[in-house]
Every structure is written in structure tokens, then in C-alpha cells.
Amino acid sequence: MSFLDELDANVKARGGLIVSCQPVPHSPLDKPEIVAAMALAAEQAGAVALRIEGIENLRAVRAVVSVPVIGIVKRDLPDTPVRITPWLEDVDALAEAGASIIAFDGTQRPRPVPVEALLARIRHHQLIAMADCASEQDGLYCRQLGVELIGTTLSGYTSDVTPVEPDLALVSTLSQAGCRVVAEGRYNSPALAAQAIEHGAWAVTVGSAITRLEHICQWYRDALQGATK
Ligand SMILES: CC(=O)N[C@H](C=O)[C@@H](O)[C@H](O)[C@H](O)COP(=O)(O)O
């Protein structure tokens, strides 16, 4: 059985929850050993895969979990809005650190390295690719290049205003077009994650609602401050 067949079978059998363990930068939780502990807890709780940012975090996680790890590197570059795995060297470092799947920005925005070149580098390492997309156009383009996993990760993050709700319409459109869709971005409750599956998602990645304690506290504080007695 190929790696992808095995992953498909696992996702089908276990419900397709992918947990993104990306602490808020500079949080007291932003330490490789804590990221690794969160990843192991998520694995033990049934996550079928993990999404991990940064080489040190990835190494720490790889050492303690056995489920596939989606690796990314985030960079803030001067001349491009593209942040997720922008360089070929990032692909090499993620592969070397033990990623099973490498995700990269799959949008059609100005970028330092073309999507085609990133994909070729991922293939060179014989790994699976995931494109973090913002639109139907992005997703369909990456799919026709052969990218296995199409994420809705960047929907709502390529313009000034980010909606509160996740982009379920994009999940439907891409899954109807035959993509293996990873619904990702603002699936902040189990009910919303279930809706993603109902809209055709293959799996759902949840980050903030599981692993960003500061965001969760803020949601509660906003609700309490807005509550009337
Ligand atoms: C836009 C962007 O850079 N998204 C990032 C991608 O890795 C992460 O910051 C998100 O936490 C992740 O996509 C999961 O989403 P959510 O935290 O909403 O469950």
C-alpha cells in the first residue's frame, strides 16, 4: 500500500482530524518540547496527522509521534506576501527534519520561487505535497500540477478583512472538482469541522481552537465582556 493509500484509509477510518500545533509566536508555549507534547497528546487523542511549523519543532515532534507530519516554514519576506514555505531550501530542510507531507503557499501571488519548482523539489524528496490555497483558481491550478492535498488554508487571508466563518463554499467547489480537500482556517468548533466534511472535505485541520491558548482565552474574554446580567 502506498503512503497516500494508507493515509486515505486512516482518514476514512478515524474521521480526518488534523491538528495544527503552532503556538502564538513568543508565547510561553512556543518551545519545541511543548509543541512536541501537544503533538503527542493530539496523536493520542486520535489526530490522523499533525501540522507543524519550523525545523526545530518538526524535529522534536518527529521524535515522539508516528502519524504523518505536514511540515511548513513560515517567513516574513520583504517583497512578497507569500509566507508559507517560500524557498527551495525550506523544502530541503523540512524533508531532512522528517516531514511526510510538505505544505506551501499555493496562491498565484508574486513569489520568490514558482509553485512548479517547489513541487519538483518535494518530488525530489519523494514526499507528498499540500497546497495552501485561497481560491478555486489556486486549488484547481495546483491540482492539475498533481498536488495531492489542496488546503483552503489561505482563504480569507489574502485581503484586508478576514471573515469570522470558515470558507465552506470553497470546500464544496474544490471537492466537487475532484480535489482531496483539507478544510483549514477558522474551524473553531467541532460543529464547523463536521460541516466541512458534509461539504466534501477529505480532512479538517484545526489549529487555534485546539492549540492556541491565547486565542481561546480571548474568545472567552470577549464573550464574557459582551455578556449582560
Ligand atoms: C493563514 C495562516 O497563516 N494559517 C496558518 C497556517 O499554517 C496557521 O496560522 C493556522 O493556525 C492554521 O492554518 C490552522 O487554522 P486555524 O488556526 O484557523 O484553525
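Colleague: Which residue of strand 7 does G151 stand opposite?

Modeller: This is a predicted model, and the pairing in question joins strand 6 (residues 149-151) to strand 7 (residues 180-184) in the parallel sense over three bridges. In that pairing, I150 has V181 as its bridge partner in strand 7. The residue of strand 7 that stands opposite G151 is V182.

Colleague: On the other pairing, which residue of strand 8 stands opposite V182?

Modeller: Strand 7 also runs parallel to strand 8, and three bridges join the two. Within strand 8, the residue that V182 stands opposite is A203.

Colleague: Why is strand 7 described as largely enclosed by the rest of the structure?

Modeller: R180, V182 and E184 point one way from strand 7, whereas V181 and A183 point the other way, and all of them are buried. A residue counts as buried if 20 or more other C-beta atoms lie within 10 Å of its own. Strand 7 is therefore largely enclosed by the rest of the structure, the number of its five residues that are buried being five.

Colleague: What is the handedness of the β-α-β crossover from strand 6 to strand 7?

Modeller: Between strand 6 and strand 7 the chain passes through helix 7 (residues 168-176). The unit made by strand 7, helix 8 (residues 190-198) and strand 8 is right-handed. For the crossover that leads from strand 6 to strand 7, the handedness is likewise right-handed.

Colleague: In what order do the eight strands close into a barrel?

Modeller: The eight strands of the barrel pair in the parallel sense, and the twist from one strand to the next averages 25°. The order in which they close is 1-2-3-4-5-6-7-8.

Colleague: At about what angle does helix 3 run to strand 2?

Modeller: Helix 3 (residues 55-62) lies across two strands, namely strand 2 (49-53) and strand 3 (69-72). Relative to strand 2, helix 3 runs at about 150°.

Colleague: Which strand and which helix each supply at least two residues of the shell around the ligand?

Modeller: The ligand is surrounded by 15 residues, and the closest are S20, Y157, R186, G207 and S208. By type, the shell divides into six nonpolar, seven polar and two charged residues. The elements that each supply at least two of the shell residues are strand 8 (203-206) and helix 9 (208-211).

Conventions. Residues numbered from 1 in each chain as written. Predicted model: local features only at pLDDT ≥ 70, side-chain atom pairs only at ≥ 80, totals over all residues. Near = placed C-beta within 6 Å. Helix = DSSP H or I, 4+ residues; strand = E, 2+ residues; numbered from the N terminus. Nonpolar A, V, L, I, M, F, W, Y, C, P; charged D, E, K, R; others polar. Pairing = 2+ DSSP bridges. Axes fitted to C-alpha atoms, helices over the stretch in contact; angles between N-to-C directions. Contact = placed C-beta atoms within 7 Å. Buried ≥ 20, exposed ≤ 12 C-beta atoms within 10 Å, placed from the backbone. Right-handed = clockwise from strand over helix to strand, strands pointing away.
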